[in-house]
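Here is a short briefing to read alongside the model. Take a look at the sequence and the fold, and then we can walk through some of the details together.

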Amino acid sequence: MLVSRPTRTHRIARIARTAVAVTLLTLTAAACGDTGGLQGAGATPTAVSPVKLWPDLRPASSPAWPYDEGETETVKGIKAPDDDIHKVDPVAVVRAEIAAHPEDYDGAKAAYRDTARRLDDCERGGDRAKCPLLRPYYRDLTGDGRDDMTLGFRLYPTNQTAVRVYTFESGRLVQVMANDDAVLGVELAGRSVIVRSPAGTSGYEYRTTWAWDPDQRAMVFSRDEFLRTGQSRHSPAPSASASSSPSASSASSASSASSSTSPR
């Protein structure tokens, strides 16, 4: 989350508000018979400056493993009047991805083979309960003043969810973000997409942030956090008469974005 630096005006206003608050507290204390004496708040922790480790270590010249930074892909066969992304059929967009990546979706051994088969249920007259496509959301993530489309669809038979972002560039529909993961929720914040995923450690989750990079013209991987949620799963203590072996399961679901989005 980006936090703006306080301006001089903000600092002056904050000091003024603090002075007023102190005055009111002093008057209130006097009215209650308080002597108004100062009380210590306890010891203050000693500030510790950063220490640079191994200053003579030779810097690495290449990454240890690749990150999906700045990857884009033109979606073939998808057009819209005036490049209005609201007029794009989300089902057609998913079908275009399936056609472009048959190794992932087509065939008995394809990882996401059931997604293609169940996509027919997203059409008129289909069983919507079986449709893998999630509700699309629209927001300007690229900063060009026009809405972009954030799309999600389940990757059956796995428990993963595909999260995609699309924008129009000179008459071409371009995929500017692609992320496949087990998903707890998805959020839009400013020009960023935040994907929440379950962690193997109880009471924690991963939060991955993808932010728009105007130089690469893509949503790039910008932050990966391992955060405590405070929702630890505790196994019941075994009784003397019988042993228990509880199992915990979690369901993955993509949450809607903030109320400022405009669904199709």
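Strand β7 (residues 192-198) runs antiparallel to β8, and the two pair over 7 bridges. Please keep in mind that this is a predicted model. The chain has 264 residues, of which 30% count as buried. Its secondary structure comes to 4 helices and 9 strands.

**Overall layout**

- Followed along the sequence, the elements come in the pattern α-β-α-α-α-β-β-β-β-β-β-β-β.
- Taking contacts between residues at least 6 apart in sequence, 48% join residues at least 24 apart.

**The sheet around β7 and β8**

- Strands β7 and β8 belong to an open sheet of 4 strands, ordered β6-β7-β8-β9 with antiparallel pairing.
- At the edges of this sheet are β6 (185-189) and β9 (218-228), each of which pairs on one side only.
- On average, and with direction ignored, neighbouring strands of this sheet are turned by 20° against each other.
- Which residue of β8 is the bridge partner of Val193? That partner is Trp210.

**Tyr206 in β8**

- Tyr206 is found in strand β8, which covers residues 204-213.
- Is Tyr206 buried, exposed or partly exposed? Tyr206 has a relative accessible area of 35%, so it counts as partly exposed, since that class lies between the 20% limit for buried and the 50% limit for exposed.
- Leaving aside neighbours within four places in sequence, Tyr206 is in contact with Val195, Arg196, Ser197, Pro198 and Ala199, and also with Asp224, Glu225 and Phe226.
- Val183 is 23 residues from Tyr206 in sequence, and their C-alpha atoms are 9.6 Å apart in space.

- Arg164 lies in strand β4, which covers residues 160-169.
- Why does Arg164 count as buried? Its relative accessible area is 3%, and buried means under 20%.
- The salt bridge of Arg164 with Glu97 has its closest N and O atoms 2.8 Å apart.
- This pair links distant parts of the chain, with Arg164 in strand β4 and Glu97 in helix α2, 67 residues apart.
- Glu97 counts as buried too, because its relative accessibility is 8%.
- A polar atom of the Arg164 side chain also lies 3.4 Å from the backbone oxygen of Asn179.
- Beyond its neighbours within four places in sequence, Arg164 is in contact with a set of residues that includes Tyr105, Met149, Phe153, Gln175, Met177 and Asp180.

**Other salt bridges**

- How many salt bridges does the count come to? The count comes to 9.
- Arg95 forms a salt bridge with Glu123, and the closest N and O atoms are 3.4 Å apart.
- That pair also links distant parts of the chain: Arg95 sits in helix α2 (residues 90-100), Glu123 is in the loop between α4 (113-118) and β2 (137-139), and they are 28 residues apart.
- Arg95 is partly exposed, with a relative accessible area of 32%, and Glu123 is partly exposed at 33% relative accessibility.
- Arg196 and Glu205 meet through their side chains in a salt bridge of 2.9 Å, N to O.
- In this pair, Arg196 counts as partly exposed because its relative accessibility is 21%, whereas Glu205 counts as buried at 3%.
- Through salt bridges that share partners, Arg95, Asp120 and Glu123 are joined into one network.

**The disulfide**

- The structure holds 1 disulfide.
- Cys122 and Cys131 form this link, with their sulfur atoms 1.9 Å apart.
- Which hand does the link of Cys122 and Cys131 have? It is right-handed, with 100° about the S-S bond.
- Are these cysteines buried or exposed? Cys122 is buried, and Cys131 is buried as well.

Note on methods
Residues numbered from 1 in each chain as written. Predicted model: local features only at pLDDT ≥ 70, side-chain atom pairs only at ≥ 80, totals over all residues. Heavy atoms only, no water. Disulfide = S-S within 2.5 Å. Buried < 20%, exposed > 50% of the residue type's maximum accessible area, 1.4 Å probe, protein only. Contact = heavy atoms within 4.5 Å. Pairing = 2+ DSSP bridges. Axes fitted to C-alpha atoms, helices over the stretch in contact; angles between N-to-C directions. Polar contact = N/O pair within 3.5 Å; in protein donor to acceptor, adjacent residues only side chain to side chain. Salt bridge = Lys/Arg side-chain N within 4 Å of Asp/Glu carboxyl O.
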